[in-house]
Amino acid sequence: MPPQTPEDLAAALPSAAREIEEFVGAAGWDQPTQVFALVPTRQLLAAEPGLADQLDPDSPLTPIAQESLPAEDLAEALGRIAWPDQVSGCALVQEIVVLPPEAEAELPGDADEARRVAAEHPERREARLVAAVLRDGGEACVMRLRAEGAEGGEVIQDPRLAPNLLAALRATFAE
């Protein structure tokens, strides 16, 4: 099999982000912030052939769960992450509160106060956000809005959902 190109991995990134959202979603809501390393599946199988029965060889990227991160100081936690060369990308899953644009514009400047106001806002929606980046470029975001009842909730996929978070994830690959 020919080696995968950065373009192959970038094309597979949105699918990997959806896979991660579904994996975390299987455990339900109210999950801690989680980080996943993204490793090319072919590279992983070459290094660990015993995983062949656990991995999809047709999937270009395999997400590997890391330890949960503290939600209260995410920027500091991300600043301490450094990835080995075998890791081609990473993804972060975080539960967030989504507000209508007009309500978001009225939030106070203080971060703690803004979180409190957002959490109490009558038009708030809870969501699970997955932001993913590749070392060599490529980014994806998937967000699932929490639905009432047993239904899964609306899924939105757009790399523009979390530009600041994507930038912070890209910074984990800085030399």
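Helix α6, residues 163-171, lies across β3, β4 and β5, and runs at about 35° to β4. Contact here is heavy atoms within 4.5 Å. Axes are lines fitted to C-alpha atoms, for helices over the stretch in contact, and angles between N-to-C directions run from 0 to 180 degrees. Helices (H or I, at least four residues) and strands (E, at least two) are DSSP runs numbered from the N terminus.

A word on the source. This is a predicted model, where local features need pLDDT of at least 70, side-chain atom pairs count only at pLDDT 80 or more, and totals for chains, interfaces and linings use all residues. Residues are numbered from 1 along each chain as its sequence is written, and side-chain values use heavy atoms, with hydrogens and water left out.

Now the sheet. The sheet is open, with 6 strands in the order β2-β1-β3-β4-β5-β6 and antiparallel pairing. The edge strands, β2 (61-65) and β6 (155-157), each pair on one side only. On average, neighbouring strands are turned by 25° against each other, direction ignored. Two strands count as paired if DSSP finds at least two bridges between them. Strand β5, residues 139-145, is joined to β6 by 3 bridges, and the two run antiparallel. In that pairing, M143 stands opposite I156 in β6.

Helix α1, residues 6-25, also packs on the sheet, touching β1 (34-40), β2, β3 (89-98), β4 (125-134), β5 and β6. The direction of α1 makes about 145° with that of β4.

Next, the rings. How many aromatic pairs does the structure hold? There are 2. Rings of Phe, Tyr and Trp (its six-membered ring) pair if their centres lie within 6.5 Å; planes under 30 degrees apart are stacked, over 60 edge-to-face, the rest tilted.

F23 and F36 are edge-to-face, 6.0 Å centre to centre with 90° between the planes. F23 is in helix α1 and F36 in strand β1, so this pair ties together parts 13 residues apart in sequence. F23 is exposed, at 52% relative accessible area, while F36 is buried, at 2%. Buried means under 20%, exposed over 50%, partly exposed in between, with a 1.4 Å probe and protein chains only.

W83 and F173 have ring centres 6.2 Å apart and planes at 25°, so they are stacked. W83 sits in the loop between α3 (74-79) and β3, and F173 in the segment after α6, 90 residues apart. Both W83 and F173 are buried.

Last, a charge over a ring: R128 lies over the face of W29, 4.0 Å from the ring centre. The criterion is NZ of Lys or CZ of Arg within 6 Å of the ring centre and within 35 degrees of the ring normal.
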